[in-house]
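User: Hi! I'm new to reading protein structures. Could you walk me through a few features?

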Amino acid sequence: MKSHRVLSFVAALFAACAAVAELPKKIVCEGDYGGHLQGVATDGESIYWSFTVAVVKTDLAGKILASRKAPSHQGDMCYKDGVVYVAVNLGKFNTETRGVSQVTAYDAKTLEPLKTIPLPEMPHGAGGMTWKGDRFYIIGGLPLKHEKNYVYEYTSDFKFVKRHDLDTGFTWMGIQTAAYEDGTFYFGIYGSKGDPSGVIACSGDLSSWERYTCGGSVGILKLDGAYYVGSSPTDKKTGRRTGYLTRQKAFPDPKSRFALAPTGKGELRLFFEGRDTSGWKDAGYVFNNDGNKPIFSQNAPFVSAKAAKKCKEFPAVGIGGGKEFYTPDLVRGVHRAALHGETFSLHLPGTPDSLKGDAALAAAVEAVTREAARLGVKVIGK
């Protein structure tokens with residue numbers, strides 16, 4: 001009898017190992033959806049997917065076991081003790097007061113909603129969550145004027161504990177996904193001009209962090225010892241979104257470490273139309289001081305000119321042929337110049353003396369040159 005039990009155990013062990021080995025490198029979620037993939041979670045036997053307007057449960061091969069439509073915007077999720085928790089925002093993301101943040105709890109077997117927990121501490125919009133020990137950690141949007149990301153800590157019954165401030169600098173729309181594995185928090189972030197997408201890896205006590213340019217902005221999970229990151233392409237014909245997970249050889253890949261450190265080669269060039277325009281091509285990033293090779297043209301700011309005019313925190317400033325920019329856009333141009341040893345050129349109206357009559361423009365130039373000095377970027381033209 002004893003040998004039989006041993007043989008049964010060995011057989012079960014081999015079967016389990018075989019099951020792990022059979023997990024594909026790419027796991028595709030069955031179906032298509034009206035919103036993009038925003039987060040994933042697993043209980044080791046199933047995978048849970050959040051598509052901003054739907055919550056889906058599949059087996060490990062991506063076959064649907066249950067699904068439920070949900071109001072936009074469903075965010076990243078986590079699984080704990082038979083319950084799937086989803087960070088939800090029903091208001092405006094990335095604003096100071098207009099987020100309507102909550103957590104919706106779903107039964108993991110059926111995806112039936114169990115309860116909704118309001119999160120009044122998160123005015124910028126709840127976008128994702130994970131857990132560590134007996135605490136939940138929730139992340140979300142970020143207004144343009146903020147240079148820190150925030151992680152909100154809650155007890156197991158969602159009593160607010162504290163807000164952790166991460167001195168990461170601005171990331172576009174804040175943090176999108178959250179996972180806690182192997183003693184590390186992984187926060188997925190979107191990219192923007194001069195600011196690549198990737199992952200912020202934080203110590204377990206959230207006291208230190210490193211940034212990487214690997215995937216993870218729409219989903220991170222660890223399954224059977226391997227890390228998977230999400231992707232969410234759009235069908236060009238239908239406009240519907242799909243989702244899939246790709247296994248990573250290393251996560252985060254050490255080669256993708258993003259270090260914003262002065263190169264000693266970056267330049268900020270200020271060209272005043274009343275003094276010298278000979279080297280000006282366009283406001284934007286320029287490769288190797290060559291104005292004919294812009295990394296991209298800053299013909300449009302992050303938001304429309306109409307919206308820029310309404311911005312009270314950072315008034316739009318006219319730079320180069322009537323183009324309007326937020327001050328944070330310009331500061332991030334200096335970041336890019338410092339990181340890659342490139343030149344960031346600004347064409348400014350009038351002369352240096354004329355800045356005295358334009359407070360908004362003067363403040364923008366001051367912010368940009370101050371950041372250049374902090375990062376060791378050479379300033380030419382002021």
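Predicted model: local features only at pLDDT ≥ 70, side-chain atom pairs only at ≥ 80, totals over all residues.

User: Is K80 buried or exposed?

Analyst: Buried means under 20% relative accessible area. K80 has 15% relative accessibility, so K80 counts as buried. Leaving aside neighbours within four places in sequence, K80 is in contact with Y85, W131, G133 and F136.

User: How do I read a sheet, and what is the order of strands in the open sheet of four?

Analyst: The general idea is that strands of a sheet pair through backbone hydrogen bonds, either parallel or antiparallel. Here the order is β10-β11-β12-β13, and the pairing is antiparallel. At the edges stand β10 (126–132) and β13 (160–166); each has a single partner strand, so one side of each has no neighbour in the sheet. On average, neighbouring strands of this sheet are turned by 25 degrees against each other, direction ignored.

User: How many bridges join β10 to β11?

Analyst: Six bridges join them, and β11 spans residues 135–140. Look for K132, which stands opposite R135 in β11.

User: What about the cores? Which residues have the most contacts inside the largest one?

Analyst: In soluble globular proteins, nonpolar side chains tend to be buried together. The largest nonpolar core here has 40 residues, and W49, Y85, M129, I138 and F158 have the most contacts inside it. Apart from that core lies another, of 18 residues, including L268, L270, L330 and L346.

User: Why does F187 count as buried?

Analyst: F187 counts as buried because its relative accessibility is 0%. You can find F187 in strand β15 (residues 184–189). Beyond its neighbours within four places in sequence, F187 is in contact with residues including I139, V151, L166 and L206.

User: Finally, helices. Which residues of α4 are buried?

Analyst: An α-helix has 3.6 residues a turn, so residues three or four places apart point the same way. In α4 the buried residues are L361, A364, V365, A367, V368, T369, E371, A372 and L375. This helix (residues 359–375) has 17 residues and reaches 24 Å from its first C-alpha to its last, close to the 24 Å expected. Just after α4, G376 takes a positive phi of about 80 degrees.

Note on methods. Residues numbered from 1 in each chain as written. Heavy atoms only, no water. Buried < 20%, exposed > 50% of the residue type's maximum accessible area, 1.4 Å probe, protein only. Contact = heavy atoms within 4.5 Å. Pairing = 2+ DSSP bridges. Helix = DSSP H or I, 4+ residues; strand = E, 2+ residues; numbered from the N terminus. Axes fitted to C-alpha atoms, helices over the stretch in contact; angles between N-to-C directions. Expected span 1.5 Å × (residues − 1). Core = buried A, V, L, I, M, F, W, Y, C linked by side-chain atoms within 4.5 Å.
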